[in-house]
Amino acid sequence: MELLVAELEKKKLGVAGRKAGKVANPRGRYIAKAVARAVHDRDGGQCTFRDESGRCSERTGLHFDHVVPHALGGESTADNLRLRCGPHNQLHAERCFGPLFVAGKRGRAPASRSS
């Protein structure tokens, strides 16, 4: 089992890859494996969203979320990336761009909110 985990980490996080923080083009969308590994290690493989009840405990289905969105000039560097679960990644996008914009990008109508 340990060998399988090691092989998966090598494929997904580039354990044998380049030095952390080094990317070919930090302004591009591509996230270098070394950067992905550094973010994953720093964030402990867990969603980084926090609210008044504490930190989100989700550890599966995580996304690399740009603190400063890529569309607004945010770079794909370890300092500008964090791990977020799908719902919290979506929440950040809605806060940055608005729910109508995000819904349009996803090809669906926004969820209606009762008043």
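Buried means under 20% relative accessible area, exposed over 50%, and partly exposed in between, with a 1.4 Å probe and protein chains only. R82, at 15% relative accessibility, counts as buried on that scale.

Before going on, the conventions. This is a predicted model, where local features need pLDDT of at least 70, side-chain atom pairs count only at pLDDT 80 or more, and totals for chains, interfaces and linings use all residues. Residues are numbered from 1 along each chain as its sequence is written, and side-chain values use heavy atoms, with hydrogens and water left out.

Salt bridges next. The term covers a side-chain nitrogen of Lys or Arg within 4 Å of a carboxyl oxygen of Asp or Glu, and the structure holds 2 of them. One joins R82 to D65, at 2.8 Å from N to O. This pair links distant parts of the chain, with D65 in strand 3 (residues 62–66) and R82 in strand 4 (residues 81–85), 17 residues apart. Helices (H or I, at least four residues) and strands (E, at least two) are DSSP runs, numbered from the N terminus. D65 is buried, at 5% relative accessibility.

The other salt bridge pairs D43 with R42, and their closest N and O atoms are 2.9 Å apart. Here D43 is buried, with a relative accessible area of 8%, whereas R42 is partly exposed at 43%.

Now helix 2, residues 33–42. Its buried residues include A34, V35, A36, R37 and V39. After the helix comes G44, with a positive phi near 70 degrees.

Which residues make up the largest nonpolar core? There are 8: I31, A32, V35, A36, V39, A78, L81 and L83. A nonpolar core here is a set of buried Ala, Val, Leu, Ile, Met, Phe, Trp, Tyr and Cys residues joined through side-chain atoms within 4.5 Å. Helix 2 and strand 4 each supply at least two residues of this core, and helix 2 gives the most, with 3.

Last, a helix pair. The axes of helix 3 (residues 86–97) and helix 4 (residues 99–106) come within 7 Å and cross at roughly 120 degrees. Axes are lines fitted to C-alpha atoms, for helices over the stretch in contact, and angles run from 0 to 180 degrees between N-to-C directions. Helix 3 is therefore oblique to helix 4; angles under 35 degrees count as roughly parallel, over 145 as roughly antiparallel, 65 to 115 as roughly perpendicular and the rest as oblique. In contact (heavy atoms within 4.5 Å) are Q90, A93, E94 and F97 of helix 3 with P99, F101, V102 and R106 of helix 4.
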